[in-house]
Number of protein chains: 2
Amino acid sequence: MIKVVAKSKIKEGKIDKYVELTEELINKTREEDKNISYKLFQDLENPNILTFIEEWEDKEGLDKHMESEHFKKIVPMLSEYRIGEGEVNIYKEVN
Amino acid sequence: MIKVVAKSKIKEGKIDKYVELTEELINKTREEDKNISYKLFQDLENPNILTFIEEWEDKEGLDKHMESEHFKKIVPMLSEYRIGEGEVNIYKEVN
């Protein structure tokens, strides 16, 4: 199992638009074969921080996701509403 | 439900020691009433990045955890092996 944490800082006033755009991405990603979970979270102290926390059966599942039509269509649209690059970490479980 | 992502960059050569120190913290935290899950992850590209991903029933459960004996004993010991402050986000679910 691998875990992904993808954290974005959203431009002022664009949170609703960003969340709306993620809906199709979330629904289609959850239908992918090797996806275990795919959820969007909002920071309690700073609502402009929106973070995907994802669980995949293996790295191959994640790679395939990043080649999917919904990923290639929606992720570039999301980047318009993000400040900077965002921060993505791909993890394996230690304990 | 709230989610915590606590990311640390570990000093060179100190990963094993850090992981060893987290064991008691992990075991005791998992026994806490409002803890749903509490796991340690390692970044696939940069093994010096170690991150706790935690799930709590509510904010009260997390606050109580931070007042627990095991937290107050072990977390300051861990900070010796960390570069800088670490990065902690507390999240609520959006979707």
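What radius of gyration does chain A have, and what would a compact globule with 95 residues have? Chain A has 13 Å, which agrees with the value near 12 Å that a compact globule of 95 residues would have; the radius is taken over C-alpha atoms, and the globule rule is 2.2 Å times the number of residues to the power 0.38. The model is predicted: local features need pLDDT of at least 70 and side-chain atom pairs count only at pLDDT 80 or more, whereas totals for chains, interfaces and linings use all residues. Residues are numbered from 1 along each chain as its sequence is written, with chains lettered from A and ligands numbered from 1 in the order in which they are written.

The C-alpha trace of chain A spans about 35 × 30 × 20 Å along its principal axes. Its 3 helices and 4 strands follow the sequence pattern β-α-β-β-α-α-β, where helices (H or I, at least four residues) and strands (E, at least two) are DSSP runs numbered from the N terminus. Of the 95 residues, 22% count as buried, that is, with 20 or more other C-beta atoms, placed from the backbone, within 10 Å of their own.

Between the chains, 24 residues of chain A are in contact with 24 residues of chain B, contact requiring C-beta atoms, placed from the backbone, within 7 Å. Strand S1 (2-10), helix H1 (15-30), strand S2 (35-43), strand S3 (49-56) and strand S4 (82-93) of chain A each give two or more residues to this side. S4(A) runs antiparallel to strand S2 (residues 35-43) of chain B, joined by 3 bridges; pairing requires at least two DSSP bridges. Glu93(A) stands opposite Phe41(B) in S2(B).

Definitions and conventions: Two residues are in contact if their C-beta atoms, placed from the backbone, lie within 7 Å. A residue is buried if 20 or more other C-beta atoms lie within 10 Å of its own, exposed if 12 or fewer, and partly exposed in between; C-beta atoms are placed from the backbone.
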